Amino acid sequence: MKLIKLILILSLFFHSNTLADINIEFKKWKNNFKKIALENNISEETFDLVMSNTKFLPDVIKYDRYQPEFYEDTKTYISKRTSDQKVKKGKKLYIDNLNLITSVENEFNIEKELLLSLMGIETNFGTYVGKMDILSSLATLSFDKRRSEFFTKELLILLNLIEKNQIDYKTLYGSWAGAFGYFQFMPSTMKNYATDYDGNGSINLKSNPDAYASASNYLKKIGWKSNEPCFYRIDLNNDIPKKYLNISAKKLHDKKQLKFFRQYIQNNSIISNNYDELEVAIITPDKDIIPDAETLNPAYVVFNNYEIILQWNRSLRFALAVCTLKDKFKDEL
């Protein structure tokens, strides 16, 4: 039954009747893609070495098309990802890597608590980095027509990193969408922000020195400010115009200075007046996806740092969980 369902899914999107037909088309795609790779400064030797064993992965298409339509409310989502057990595990990692983490924090001015939080939520502190062959995953998604342009670019970037000996292709196992390492970097993020912190001549994002420094470099360059907050949980007045409520992470709209929104916030006293001039947004993350959710509850006022985390992963809940776990580490370290 599972195989039949999978073949039906694939036939719907590839107009083929069997997985064998799709594999034939994938082989043709790979031959054509080789020409594109060679035109983009990938040597034939490198291409043949790293792409010869890539395969079409049906599960990748299944994950991309039919991710489970199950959504937890915000409270449940955050509590699962910021548990006392996770804090305890993060503290141990911090103690075991104290010199490295302190050095990275001082150099990049990115709080250790934030790095621990991101690593903890992304990969459970490096214990779950994904088992998919990233080259095959990216090739599958590039072959697929839904987001072919995006994933073709990512695959070409990864091949260029391999060509330059910056990444060891034998280590490239990660998420179904091509993310890699302790902090789950896509190839374009590797190219733009990854750092050879231990100076051994290559970048290994499954190594604490390179992973920590690369994540810090990324956060610093996209604008994280260690002296500003991430969010506050607020109680809203019923008269707040609905246009100010953000229910999607795609792009936060109708942002205003905090002092403007104070007229709609009941528990104003929890937020310092020092932030009144900062531009903020209001989010109500349950309304769009939780059946019968209240319109104004839960609600959060979110700052620029929150939007920095959205650049990392465009999910309202993910960013809330990261900042919540960060604050828990701050109380413990």
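Analyst: Helices are DSSP runs of at least four residues, numbered from the N terminus. This is a predicted model. With that numbering, helix H15 (residues 316-332) gives the largest share of the lining of the second largest pocket, 4 residues.

User: How much space lies in the second largest pocket, and which residues are the closest to its centre?

Analyst: Empty space is shown by rolling a probe the size of a water molecule over the atoms. In this case the second largest pocket holds about 220 Å³. Its lining has 13 residues, and Glu228, Pro229, Lys326, Asp327 and Lys330 are the closest to the centre. Sorted by class, the lining comprises 5 nonpolar, 2 polar and 6 charged residues.

User: Are tyrosine 244 and tyrosine 264 buried or exposed?

Analyst: Buried means under 20% relative accessible area. Tyrosine 244, at 6%, is therefore buried, and tyrosine 264 is buried at 11%.

User: What is the geometry of the pair formed by tyrosine 275 and phenylalanine 303?

Analyst: The ring centres of tyrosine 275 and phenylalanine 303 are 5.7 Å apart and the planes stand at 70°, so the pair is edge-to-face. Tyrosine 275 lies in the loop between H13 and E6, while phenylalanine 303 lies in the loop between strand E7 (299-302) and helix H14 (304-312); the pair therefore ties together parts 28 residues apart in sequence. Phenylalanine 303 is buried, with 1% relative accessibility.

User: Which charged ends sit over rings?

Analyst: Among them is the charged end of arginine 233, over the ring of tyrosine 300 and 5.8 Å from its centre. Another is that of lysine 256, 5.6 Å from the centre of the phenylalanine 260 ring, over which it sits.

User: How many residues of helix H9 (residues 134-143) are buried?

Analyst: Helix H9 is mostly covered, with 10 of its 10 residues buried. Its buried residues include Phe143, which also forms one aromatic cluster with Phe26, Trp29, Phe33, Phe47 and Phe56. At the start of H9, a side-chain oxygen of aspartate 133 comes to within 3.2 Å of the backbone nitrogen of leucine 135.

Notes
Residues are numbered from 1 along each chain as its sequence is written. This is a predicted model: local features need pLDDT of at least 70, side-chain atom pairs count only at pLDDT 80 or more; totals for chains, interfaces and linings use all residues. Side-chain values use heavy atoms; hydrogens and water are left out. Buried means under 20% relative accessible area, exposed over 50%, partly exposed in between (1.4 Å probe, protein chains only). Rings of Phe, Tyr and Trp (its six-membered ring) pair if their centres lie within 6.5 Å; planes under 30 degrees apart count as stacked, over 60 as edge-to-face and the rest as tilted. Helices (H or I, at least four residues) and strands (E, at least two) are DSSP runs, numbered from the N terminus. A charge sits over a ring if NZ of Lys or CZ of Arg is within 6 Å of the ring centre and within 35 degrees of the ring normal. A polar contact is a pair of N or O atoms within 3.5 Å; within protein, one must be able to donate a hydrogen and the other to accept it, and residues adjacent in sequence count only if both atoms are side-chain atoms. On a 1 Å grid over the protein atoms alone, a cavity is a set of points where a 1.4 Å probe fits but cannot get out, and a pocket is an open set with protein on both sides within 12 Å along at least five of seven lines; lining residues have an atom within 4 Å of a point. Grid points are joined across faces, edges and corners, and a volume is the space filled by probe spheres set on the points. Ala, Val, Leu, Ile, Met, Phe, Trp, Tyr, Cys and Pro count as nonpolar, Asp, Glu, Lys and Arg as charged, and the others, Gly among them, as polar.
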